[in-house]
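The sequence and structure come next.

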Amino acid sequence: LVRFEKEQQVFDKQMKNCMAAINAKIGSELSAAEGTLAIMIYNGNDIKEKVNMIVRHAIMAGIKTEFEPRWQKYLKNVGDLIEVPIIAQGDIALDGIKVATDNMVKTVIVKSLPVIFTAIGGLLAGPIGAILLGALTAVIEEVFGAKKERNRRESIRQKLQSEIIPQISDAAGDAVEEELSAYISEVNAEIWQD
């Protein structure tokens, strides 16, 4: 039991680094799309679908590259401690419990995405709504000079960089972390029972 607790502690520390890397991936992918998002906002398009797609892709990639290898190693180490045979393809049997990593990734993503999309929708409604209202007002004006246009585009870019992207990254990261933590706790509880 002491060795199992040590494995848990090591994995918990790795989990923090893993979540930081996933959050960074989400922020990085959103930042990479900043130009496209700014143009969409400038043209009065709804960016929710585009943002959702970017976030979904970043989460899946982050979980696959950051979390999954650590999780498989943790389960292998725990399996070695309690002498549980390892099954091929990343599936691990724990006295009747079958933990399929691929299914776990899908489950975490499926459970966290509605929370993330709701948060994104709420975040985008305020800042984007204000920006779009400004865009409509600007179109109504008789003279829409090049300087005003540049200022408006720069304002959109700054809003994306300083507020929208960090808020979306934080909300998405929090939702994924909550789901991963719940899943890990459930598996650990099953291991302790056996």
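F67 and W71 lie 4 residues apart in helix α3, so about one helical turn separates them. The model is a predicted one. Both residues are buried: F67 has a relative accessible area of 0%, and W71 likewise has 0%. What is the relative accessible area of Y74? Y74 has 2%, and is therefore buried, the limit being under 20%.

The ring centres of F67 and W71 are 5.7 Å apart and the planes meet at 20°. The pair counts as stacked because that angle is under 30 degrees.

The whole structure contains 6 aromatic pairs. One of them joins F11 and Y74, a stacked pair with 4.5 Å from centre to centre and 20° between the planes. F11 is buried, at a relative accessible area of 2%.

Which residues make up the aromatic cluster? F11, F67, W71, Y74 and Y183 form one cluster. Another ring, that of Y42, has the charged end of R153 over it, 4.4 Å from the ring centre.

## The two helices

Helix α3 covers residues 48–81, 34 residues in total. The distance from its first C-alpha to its last is 46 Å, close to the 50 Å expected at 1.5 Å a residue. A kink of about 40° is found at F67, shortly before the proline P69.

Helix α1 runs over residues 2–32. Its 31 residues should span 45 Å at 1.5 Å a residue, and the end C-alpha atoms are 45 Å apart, so the two values agree.

## Confidence of the model

The protein chain has a mean pLDDT of 75, with 64% of its residues at 70 or more. Among its elements, α1 has the highest mean pLDDT (90), while strand β2 (residues 97–100) has the lowest (44).

Two stretches have pLDDT below 50. Residues 84–100 make up one of these, with 34 contacts in the model beyond near neighbours in sequence. Residues 135–143 are another, with 5 such contacts. Where pLDDT is low, the predicted coordinates should not be read in detail.

Definitions and conventions: Residues numbered from 1 in each chain as written. Predicted model: local features only at pLDDT ≥ 70, side-chain atom pairs only at ≥ 80, totals over all residues. Heavy atoms only, no water. Expected span 1.5 Å × (residues − 1). Bend = angle between axes of the 7 residues up to and from the residue. Phe/Tyr/Trp six-rings, centres within 6.5 Å; stacked < 30°, edge-to-face > 60°. Buried < 20%, exposed > 50% of the residue type's maximum accessible area, 1.4 Å probe, protein only. Lys NZ or Arg CZ within 6 Å of the ring centre and 35° of its normal. pLDDT = per-residue confidence, 0-100. Contact = heavy atoms within 4.5 Å.
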